[in-house]
Amino acid sequence: MKVVIPAAGMGTRFLPATKAQPKEMLPVVDKPAIQYVVEEAVASGMTDIIIITGRGKRAIEDHFDKSYELEHKLRESGNQEALEEVQRIASMADIFYIRQKEQLGLGHAILCAKKHVGNEPFAVMLGDDIVVNEKPCIGQLVDVHEDYGASVVGVEKVPASKISRYGVISGKRVKDSIFKIDDLIEKPSPSEAPSDLAIIGRYVFEPEIFAYLERIGPGKGGEYQLTDAMRLLCRKKGLYGLRFSGRRFDIGSKADWIRATIELSMDREDISEELGSALKKARR
């Protein structure tokens, strides 16, 4: 199954840090955010990856490319561990790049991948979400897709104070953590929200989503709204939601980006002790 990773946004919520570098390249501990997403796809057996880029995003391509000069320097200095890591990054997947020439929204970014994806189911993974779990989040969605033969989105229970940031589903539980979606509302107020289950940045789509994206065309602000196409999809073809297992970090939020850096650092034996000691001192 191919994977589409939209990465053409301007990252305005992280200005000025994103003025000259892609937000997807902001580090979380010692890896750029987008590397976590690619590694999740690879851990699920998906190595055919399409990244939708835009102007000023060359750093993403350079990161996943081979770096002869750096490898030579690391080899000469005897830094075998770092050498193996940069070689692994360059070889872990077949990555293709498609440029979104205009900022026309998430739906349009996905539509840019239509020719490469073809008439097959495919996954979409957003770089704003890092999900940590022994069973990769996107792999969990693929399992549900295979069981039900329909498109699947990842959902998570969110507090009322944050519900207006997300698309929210309406539907019925069909099994364990699986829901049959009958409607969804984009960024509702707490009083308008049909549930407390919000859609996060993991999707497995049947190829019909492209036809619905073309049908809706540009909407508010000239953007193609993925939510509008998904509403058509759930009414015509069916759509499921999976309340996935795992820790999720919404690194589109500055607070969660910092939280991700701290929590994922504490998972690391090489830095957790030193960081824990520093955090204790900071609380005094």
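**Notebook: contacts, fold and cysteines**

I began with the contacts of this predicted model, and found that, among those joining residues at least 6 apart in sequence, 74% link residues at least 24 apart.

Next I looked up the secondary structure, where I noted 11 helices and 13 strands in the protein.

I then turned to overall dimensions. The C-alpha trace spans about 60 × 50 × 40 Å along its principal axes. For a chain of 284 residues I would expect a radius of gyration near 19 Å if the protein were a compact globule, and the value I find is 19 Å, so the two agree.

For burial and surface, I recorded that 46% of the 284 residues count as buried, and that the protein exposes about 14,700 Å², of which carbon and sulfur atoms supply 48%.

On charge, I counted 42 positive and 43 negative side chains, with the centres of the two sets lying 6 Å apart.

Last, I went through the cysteines, having found zero disulfides in the structure. Cysteine 137 is accordingly in no disulfide, and the nearest cysteine sulfur to that of cysteine 137, belonging to cysteine 234, is 20 Å away, whereas a disulfide would need the two sulfur atoms within 2.5 Å.

Terms used: Residues numbered from 1 in each chain as written. Predicted model: local features only at pLDDT ≥ 70, side-chain atom pairs only at ≥ 80, totals over all residues. Heavy atoms only, no water. Helix = DSSP H or I, 4+ residues; strand = E, 2+ residues; numbered from the N terminus. Rg over C-alpha atoms; globule rule 2.2 N^0.38 Å. Buried < 20%, exposed > 50% of the residue type's maximum accessible area, 1.4 Å probe, protein only. Contact = heavy atoms within 4.5 Å. Areas by Shrake-Rupley, 256 points an atom, 1.4 Å probe, with all protein chains shown as cover. Lys, Arg positive; Asp, Glu negative; His and termini not counted. Charge placed at Lys NZ, Arg CZ, Asp CG, Glu CD.
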